[in-house]
Amino acid sequence: MTIVKSTTQTISVSQRVTAGAICLFLGASLVFLVGMSHMGVVHNAAHDTRHSIGFPCH
Amino acid sequence: MIGRLVLAALIAGMAAGFIYGGIQHVRTTPLILAAEVFENAAKPAAHEHAAGTPSQHEHAAEEWAPNDGWQRTFSTTLASVITGAAFAVMLAGVSLLTGLPITPRNGLVWGMCGFLAVTVAPGAGLAPELPGMPAGDLVSRQIWWVATIIATGAGIFLIAKRRELPWLAAAVALIALPHIIGAPQPPTHETAVPAGLAASFAANTIAASAVLWSLIGLFLGLATERFSKEIYAT
């Protein structure tokens, strides 16, 4: 009988949840920057994308 | 490994956002440019009115804005690439938090759930609007928009994960609640922008978003598959 040695390292639930929270925070920050920030320069640069995605604009 | 997963999700989203940027360039941006002609023509009149008439679309004169042409196309595409990356990394975050893996096989379903939560549900209250169209208070709309996405997403999660009747009833309530409360509306819908242009814009943006979200789901499934054994073991 051969034992297949797995090199796979699993991560714990708390690590997975932490990673998920980091992903959500990173994504939400980017969404805020592109879609919601009231800064004039950011608004002007992302203007057409804001309208196309359906972000509330103006 | 988590760093690599986040990077894979970002790249998957950037690729989807880049393709979306191409669709935008041919289908939605031309309609925005057409609407701006009407918006600018109506502008002197808009200043005469009190607040509440067509939202004054000020490009904050003293602030930098891309010039029409390649500058505007570039900054729009860049914004779309970032948006794609943002949506993808958030979808990956939901997958990690809930322990439901995104695979090449179910990626499209994940993408469609994102489309329902981020495009369809908020769009029912706040239809995609062209420049020069009247709109309610900006901050109220942003709050309603974010809250609707969270409530709809939570409702979809409950439907996906639970089979018990009370949970399903809660899901329906979460999805319906923002629409019962209602989105902030402008005092009037009168605008110089032709209705046909607005209708075409709404239809095209929703279709383009469907493509964006499908690609985000599919690309995420492909990009994160090799991590799933390690991540969803627990």
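Mentor: Let us begin with the term itself: two residues are in contact if their C-beta atoms, placed from the backbone, lie within 7 Å. Please keep in mind that this is a predicted model.

Trainee: How many residues does the contact take from chain B, and how many from chain A?

Mentor: Chain B contributes 52 residues to the contact, and chain A contributes 34 residues. On the side of chain B that touches chain A, α3(B) gives the most, with 15 residues, and that side as a whole divides into 29 nonpolar, 18 polar and five charged residues.

Trainee: How should I describe two helices that pack together?

Mentor: Two packed helices are described by the angle between their axes and the distance between the axes. Here, the axes of helix α2 (residues 40-53) of chain A and α3(B) come within 7 Å and cross at roughly 55°, and α2(A) and α3(B) are therefore oblique to each other. Their crossing is right-handed.

Trainee: Which residues of α2(A) and α3(B) meet?

Mentor: Ala45(A), Ala46(A), Asp48(A), Thr49(A) and Ile53(A) of α2(A) meet Ser75(B), Thr76(B), Ala79(B), Ser80(B) and Thr83(B) of α3(B). Sorted by class, this contact has four nonpolar, five polar and one charged residues.

Trainee: At what angle do α1(B) and α7(B) pack?

Mentor: Helix α1 (residues 2-27) and helix α7 (residues 195-231), both of chain B, pack at an angle of about 160°, with their axes 9 Å apart. Since angles over 145 degrees count as roughly antiparallel, α1(B) and α7(B) are therefore roughly antiparallel to each other. The residues of their contact divide into 20 nonpolar, four polar and one charged.

Terms used:
Residues are numbered from 1 along each chain as its sequence is written. Chains are lettered from A and ligands numbered from 1 in the order in which they are written. This is a predicted model: local features need pLDDT of at least 70, side-chain atom pairs count only at pLDDT 80 or more; totals for chains, interfaces and linings use all residues. Axes are lines fitted to C-alpha atoms, for helices over the stretch in contact, and angles run from 0 to 180 degrees between N-to-C directions. Helices (H or I, at least four residues) and strands (E, at least two) are DSSP runs, numbered from the N terminus. Angles under 35 degrees count as roughly parallel, over 145 as roughly antiparallel, 65 to 115 as roughly perpendicular and the rest as oblique. Ala, Val, Leu, Ile, Met, Phe, Trp, Tyr, Cys and Pro count as nonpolar, Asp, Glu, Lys and Arg as charged, and the others, Gly among them, as polar. A crossing is left-handed if the near helix is turned anticlockwise from the far one by less than a right angle, and right-handed if clockwise.
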